[in-house]
Amino acid sequence: MLHQRNVKKVGRNDPCPCGSGMKYKKCCMNKEGNHFRPVDVKSQYAQKYRIRLKEEKDVEGIRKAGRLVVDTLDLVEERIRPGMKTDEINTIVHEYTLKHGAIPAPLNYRGYPKSVCVSLNEVICHGIPGDRVVEDGDIVNVDVTSILNGYYADASKTYFVGKPGVEAKKIVEVARNSLRIGLRQVKPGNTVGDIGWAIQLYAEGEGCSVVREFVGHGVGLDFHEPPQVPHYGRKGEGVPLVPGMVFTVEPMINLGKKDLYILDDEWTAVTEDGSLSAQFEQTVLVTQTGFESLTPFEI
C-alpha cells in the first residue's frame, strides 16, 4: 500500500530548513528550486561571528557551574542584612565558591580586585566590595560568575534590604520584568536585536531607561565571548539565534536617565542623575524550540 507523505509546509517566518538559523523568508524561500543544502552551522558561526556553539558536554559543564552560581546567590540572599559591609558579601561569595571547587571569575580579571560585583542603589554595575555599609531600604545587586571545571556561568539578582521604598519597588520590578520579557525572545529564528527591542520597548514604556554601555555577552568557555547582546535595539537586526548559542541577558535599568559615569576606581558605574538602578541576569542556552536557563531562578 502506498502512503502519502505528510510534509509540513514551511512558513515565511519559520526557521529555514537549511539550518542557517535565519528565517525562511530571508534565506531559501526565493532561491531557485528551494533545494535545502545542509549547512555546517557551527563552522559558519565560528567563521562569520566568532561564536562558539556549545556541544552537549559543554552545556552540561556550564549547567553545573550555573547551579553553583544560583546556590551562591541564594546564600547571599539568606545572609544580606542592614549594617553589613559590602566586603562581607565578597567574603561570603569567595569562600563558598572555593569550598565547592570553583574559582570566582571576577577576581583579578583585568585588574578587578574582588570576587564579586556588589552594586547599591545608584550604582549600575561593577561595584567593588569594600567598606560601604548596606542600609535599611537599600537595593543591592550581586553579580556572581563562577568557573567550575573550566566552564563559566554568570547571573545576578537585585535584593531588597530591609523595607524598600516606592521607587525601589518600582525599579526592581521593572528590571525583573525586563529580563523576563527579553528571555521570551530567545528562540531559533529570532535575532539578538529582538531581545533588546523587547526590553527597551517595555522599560521605556514604564518611564525608565536602558543602559547602553554595558550589554549581555556570550559565556561558557570564557568569561566574555561573542556575541554582544544589547538590551536596546531594533527588531530583526543582529545575529540570528541558533541552537547551541549560550549567552547572558542582563538588562540594567535606571529609574531616571540612561546616562552614567565611571568612578575613579575605573570600575564602578553610577547613574549620572543619582537615580536608582537595578538588574537581573541569567545565562541561557538557545534550544531547538526556545531556551533553557543554565542559571535558573524565579523571575
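Predicted model: local features only at pLDDT ≥ 70, side-chain atom pairs only at ≥ 80, totals over all residues.
Residues are numbered from 1 along each chain as its sequence is written, and side-chain values use heavy atoms, leaving out hydrogens and water.

Helix α2 covers residues 56-79 and helix α3 residues 86-99; their axes come within 10 Å and cross at roughly 145 degrees. (Axes are lines fitted to C-alpha atoms, for helices over the stretch in contact, and angles run from 0 to 180 degrees between N-to-C directions. Helices are DSSP runs of H or I with at least four residues, strands are E runs of at least two, and numbering goes from the N terminus.) On the α2 side, L68, D71, T72, L75, V76 and R79 meet I89, I92, V93 and Y96 of α3, with contact meaning heavy atoms within 4.5 Å.

## Helices α4 and α5

Here α4 (residues 166-183) packs against α5 (residues 192-205) at about 150 degrees, axes 8 Å apart. That makes the two roughly antiparallel (a label for angles over 145 degrees). α4 also passes α5 in a right-handed crossing.

Which order do the three strands of the open sheet take? They run β3-β12-β11, with antiparallel pairing (two strands pair if DSSP finds at least two bridges between them). The edge strands, β3 (123-125) and β11 (260-262), each pair on one side only. β11 and β12 (residues 269-271) share three bridges, and L260 sits opposite T271 in β12.

Definitions and conventions
Parallel < 35°, antiparallel > 145°, perpendicular 65-115°, else oblique. Left-handed = near helix turned anticlockwise from the far one by under 90°.
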